[in-house]
Structures are given as structure tokens and as C-alpha cells.
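Subject: Structure handover

Hello,

Please open it first, then read the notes below.

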Amino acid sequence: MSSKLTILFFVFLTTCLALGAAATPKTVLRDGFMLAGVDGKVTPSENKWSFELDSDVTDQIATVKAGTALQLLPSMALEKLAADTKQRANNNYRLWAKVTKYNNENFIFPIYFLPLSKLEQPKAAEPNEPQPSRPRLTINEPNDRLAIPQDIIAKLSTRKILRTEQLRTPLQLKQDSIIADRTGFLRDSGPDTGFVLDALGRNVQQLSFRLLPCQVLELAQKEQAAHPEPLRFKISAIVTKYEDQNFLLLQRATRTYGHQNFPR
């Protein structure tokens, strides 16, 4: 009889723990979730930029509360955003971005932004000094409806694809692009992981990219950690640049198996 009571107690305890875990709200958004015009404040900290949410954000499964600061990932949009903050009265922005997830932590890959404050007024000139030209506002008034232009909406889903011959010279990116079905190897580990493109005998410069934290990277690192030799991966990724350094945001990474005719 005591053994039956023990079993019943164990089942009851397990059920309570499961219900308690289910009742605990998740606070990490899924990888790939899109932020569409979310307001917040941009702040620099220790050579990094973060975005503090003005309101709750949910992907219908998890919810990130207002006031949460998420790290902004290096990108061409972030470089423009960082420059824009220098001429604004405050750092309040409306942001379009892609959310990534790495080691149970969210990051934001910015795509487009709109400032929610006017340009700072230039200092009044002395009577005998020439009056500097007043900078023209590049956005609508804060009380107007801020709408993302249609050409920017198109860029959220389509980006220029880089061809193989374009990788033979140093990248001169004017906007985020995409590389598809390119093979290479992970280099190093942790947050500073890089990816080296495999030329596979072609006359292509061996380019190296910093990999941005995301769920695809985390899975590829786990697979690499289970093997002592370097694994070859075929990837598709968003290519971006920040402060003259190339970065990749992986969209897909699958292990490929060679025929032992290429050196490791």
C-alpha cells in the first residue's frame, strides 16, 4: 500500500511541476520573428547598441515586456542609425527589424528605422557671423502618421543576391545582400565565430565573415562540437557590413559531405 501511495505522490508532484512550468510565461521571442514598426529608445553601451522597448512585444507564444533592452546586431542599418543619433534631440526611434535567438537570448537585426524626434536646432550665430544653413527635416512631424515607404517594405523580403564572381574582390556593399548555397567552414567558437567560404578550386578569394548570433548558428556550432574535424556547411545568409567589417546572419546551414577530393 505504501508503494502505491509513493507512486501516486510522485505522479501528483510531477503534474504540479509540469503545470507550474506551463504557467510560467516565456520571455524569449522565437528566432526570425519580425518587429514591424516598434517604438523604443536607442542607447549605446560598451561599444554596443541596444533598443529599449516602449511597449510589450509578443510573438503569440512569448512576450517581452516594455522597458526590456535588446542588443542591436551590427548591420548597415545600425551604422546609419548610430550616425543619425548624433543629430537628434533624443534617441527615440521606430524600428523594423528581425529578431534572432541565441543561447536563450534575443537580439535585434535592424533593417529600417524612423526617428521620432526633430533634428537638433543649430546654435544661433552671432550678428556678424554668416547664418548656417538650416538642415532640412528628413521625416514627417512626430504627430503625423509615420508610414514605412513601399520600397522599404520590398527590401524587407527581397535583397540582392551576390554572385560568385562578386566575391573575387573585397565586398563593396551599398545595402544588405544575400549569398545562397555557398559552402565553407566555421572558425573558432562562441560569440566571435567566423565563417570562411570554401573556394572549392575556383578562382575566388577566400573571404571570412563574422557570424551574428542566431538559432541557425547555435545549431551549427553544436553539430561542429560533436566532431573533432572541421565540418563543411552549405549556407544561405544575409550579408551586411558594419564599420568596414563583413558579417553574416545565417538563414540556413546544412552539413555537406564531400568525396574526399577537396582538402580539409
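Of the contacts in the protein with a separation of 6 or more, 58% are between residues 24 or more positions apart. Please keep in mind that this is a predicted model. The protein has 264 residues, and 39% of them are buried. The secondary structure comes to four helices and 13 strands.

- Strand 1 and strand 6 run antiparallel, joined by seven bridges. Leucine 35 has alanine 97 in strand 6 as its bridge partner.
- Strand 1 also pairs with strand 2, in the antiparallel sense, over six bridges. Lysine 41 stands opposite glutamate 52 of strand 2. Valine 42 stands opposite phenylalanine 51, also in strand 2.
- The hairpin of strand 1 and strand 2 has two residues between the strands. Glutamate 46 in this hairpin takes a positive phi near 50°.

Helix 2

Is helix 2 enclosed or open? Helix 2 spans residues 76-85, and seven of its 10 residues are buried, so it is largely enclosed by the rest of the structure. The buried residues are Met76, Ala77, Leu78, Leu81, Ala82, Asp84 and Thr85. What covers them includes strand 1 (34-45), strand 2 (48-53) and strand 5 (69-72). The cover also includes strand 6, strand 7 and strand 12 (232-242). At the N-terminal end, serine 75 caps the helix. A side-chain oxygen of serine 75 lies 3.4 Å from the backbone nitrogen of alanine 77.

Aromatic pairs

How many aromatic pairs are there? The count comes to two. One is formed by tyrosine 93 and phenylalanine 113. The ring centres are 5.7 Å apart, with 80° between the planes, and the pair is edge-to-face. This pair links distant parts of the chain, with tyrosine 93 in strand 6 (residues 92-102) and phenylalanine 113 in strand 7 (residues 105-115). The two residues are 20 residues apart. Tyrosine 93 is buried, with a relative accessible area of 0%. Phenylalanine 113 is buried too, with a relative accessible area of 16%.

Tryptophan 96 and tyrosine 112 also pair. Their ring centres are 5.6 Å apart and their planes are at 55°, so this pair is tilted. The cut-off matters here, because only planes over 60 degrees apart count as edge-to-face. Tryptophan 96 is in strand 6 and tyrosine 112 is in strand 7, 16 residues apart. Tryptophan 96 is buried, with a relative accessible area of 9%. Tyrosine 112, at 18% relative accessibility, counts as buried because the limit is under 20%.

Best regards

How values were computed:
Residues numbered from 1 in each chain as written. Predicted model: local features only at pLDDT ≥ 70, side-chain atom pairs only at ≥ 80, totals over all residues. Heavy atoms only, no water. Phe/Tyr/Trp six-rings, centres within 6.5 Å; stacked < 30°, edge-to-face > 60°. Buried < 20%, exposed > 50% of the residue type's maximum accessible area, 1.4 Å probe, protein only. Contact = heavy atoms within 4.5 Å. Polar contact = N/O pair within 3.5 Å; in protein donor to acceptor, adjacent residues only side chain to side chain. Pairing = 2+ DSSP bridges.
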